[in-house]
Amino acid sequence: MPAQSAVAWIGDASSGNLRLIDQTVLPVEYRELNLRTVEEVWEAIKALRVRGAPAIGVAAAYGVIVGTQSALSAARPEFDARLDQVLTYLATSRPTAVNLFWALDRMRRVANATSGLTSAELVDHLLAEARRIELEDREMCAAIGRHGLPLLKECSGVLTHCNTGGLATAGDGTALAVIFAAARDNPSLQVYADETRPLLQGARLTAWELMQRGVPVKLICDSMAGWVMKERRVQAVIVGADRIAANGDSANKIGTYSLSVLARAHNIPFYIAAPSSTFDLTIQSGDEIPIEQRASAEITNAFGRQTAPDGCDTYNPAFDVAPAENITALITEKGVIQPVTKAQIARVLE
Ligand code: MRU
C-alpha cells in the first residue's frame, strides 16, 4: 500500500494543488508531485504518472480545480468559458478509461446545476464534488473487496494482471482489494502477478504493493500465464477494467483478452473487479470501446534502453477487450454480476 494515497488534494480551493505519487519512478524511487497547472495534470495522466481508471478520474476532477483557479476572480461568463476549456482539454488526455469522462461529467453537472454563484463559490462546489468522487471511490473499493471475497475463498493461488491496487484508485483497489481481503482470510494465498508488458505495471507496482502488505507474490512474465494455469497453480484469475460495455465486454490492460481465453481453456474462473464508474452503459458492446494506441518507444526503448533495431515498426495498443462470454463474474461495489449478461448488469447496477 502506498505510504500516502495515490491522488490527493492539498489545501483549499483557491490556492491548493493536486498531489500525486509519480508511478513512473516506482519502485526504485518514491516521489510525490505537486501539480499546479492543468497542463501538468494532463501530462501526468498521459505519461502514466497517475494511472488506473479510478485514479485517473479522481486526478482529472482535481485537475479541473487546478485549471480554473486562475479565473477565480473573473465574472461568471469568463469563468464558465475557462471551465469548459479545461474540461475539454482534460478529456483528451487518455481515451479508454471511462472513469475520466465520468468524473469530468460530474464536474460539468455541478457547474450546470448551480446558478447565481460567484466564480469563487462555484470552485468551492467543484472542489466538494471532486472530494466526493475521491471518497466514493474509496468506499467502492472497500465494498468490492467485501463482495469479491467469497469468490476467492477456496483458492490457494490467484493470478492478476496490471496494477489494480491503492495506486490505481483512491482506496485499496479493485481486483487487488479482493486479493487483499482474501489474503487477510488466508495468509498463504499465493498471488501470481504478470509483469504486464510493455510498461511493467505488474512488476513495478503490483509486486511492490503486495510486498508492502506482506502478501506472497510471485512475479511472472506475461507469457508464463498459460503454463501457470496448466500447472494448476491458480484457481482464479482476477483483474480490473477500464471500461465495461452494457453487455459486459470489458476493456483492460493489453494481455487481458489472452488471459480470458487461457482461463476458459483451463476451466479457471475469470473475474473482473470494477466500480460502477467503470461501466459505460451508453455502448452496447466492446467493439465500441476506443483503444488507446501508445508510442512505439514504449516497446523499442522502454526504461531508457534500446531493445529493438533502429526504425523498427511496432503496434502498441494499450488495452484489449475480454468478451463477456469469457468472464465468470463482474465484481462491483453493488454486488457480484453473474452471469455476465446485459440484463444482469442492468439489474445489479440499477
Ligand atoms: O495504462 P494503465 O496503467 O492506466 O492501465 C490500467 C489498467 O488497465 C487497470 O487494470 C485498470 O485501470 C483497472 S485499475 C483499478
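Biologist: What makes you place the largest cavity between domain 1 and domain 2?

Modeller: In this predicted model, domain 1 (7–142) and domain 2 (144–349) both give residues to the lining of the largest cavity, so the cavity lies between them. Those bounds come from an automatic or database domain assignment.

Biologist: Why is it called a cavity?

Modeller: The word is used for a set of points where a 1.4 Å probe fits but cannot get out. The structure holds 3 cavities of 30 Å³ or more, and about 180 Å³ of space lies in the largest cavity. Of the 24 residues lining the largest cavity, R51, G52, A53, N163 and D242 are the closest to its centre.

Biologist: Which elements give two or more residues to that lining?

Modeller: They are α2 and β9 (250–253). The largest share, 3 residues, comes from α2. By class, the lining of the largest cavity has 11 nonpolar, 9 polar and 4 charged residues.

Biologist: And the largest pocket: where does it lie relative to domain 1 and domain 2?

Modeller: It lies between them as well, because domain 1 (7–142) and domain 2 (144–349) both give residues to its lining. The largest pocket holds about 210 Å³ of space. Its lining is made of T24, K46, A47, L48, L199, R204, R294, E298, A302 and F303.

Biologist: What makes 4 of the residues in the lining of the largest pocket charged?

Modeller: Asp, Glu, Lys and Arg count as charged. The lining includes K46, R204, R294 and E298, and by class it has 5 nonpolar, 1 polar and 4 charged residues.

Biologist: How do you know that domain 1 and domain 2 are in contact?

Modeller: Contact means heavy atoms within 4.5 Å. The contact takes 29 residues from domain 1 and 36 residues from domain 2. The C-alpha centres of the two domains lie 26 Å apart.

Biologist: Let's turn to the helices. What makes the crossing of α2 and α4 right-handed?

Modeller: A crossing is right-handed if the near helix is turned clockwise from the far one by less than a right angle. Helix α2 (residues 53–68) and helix α4 (residues 98–113) pack at an angle of about 35°, with their axes 7 Å apart, and α2 passes α4 in a right-handed crossing.

Biologist: Which residues meet there?

Modeller: From α2 come A53, P54, I56, G57, A60, A61, V64 and I65, and from α4 come N99, L100, A103, L104 and M107. By class, this contact has 11 nonpolar, 2 polar and no charged residues. Gly counts as polar, and G57 is one of the residues that α2 brings.

Notes:
Residues are numbered from 1 along each chain as its sequence is written. This is a predicted model: local features need pLDDT of at least 70, side-chain atom pairs count only at pLDDT 80 or more; totals for chains, interfaces and linings use all residues. Side-chain values use heavy atoms; hydrogens and water are left out. Axes are lines fitted to C-alpha atoms, for helices over the stretch in contact, and angles run from 0 to 180 degrees between N-to-C directions. Helices (H or I, at least four residues) and strands (E, at least two) are DSSP runs, numbered from the N terminus. On a 1 Å grid over the protein atoms alone, a cavity is a set of points where a 1.4 Å probe fits but cannot get out, and a pocket is an open set with protein on both sides within 12 Å along at least five of seven lines; lining residues have an atom within 4 Å of a point. Grid points are joined across faces, edges and corners, and a volume is the space filled by probe spheres set on the points.
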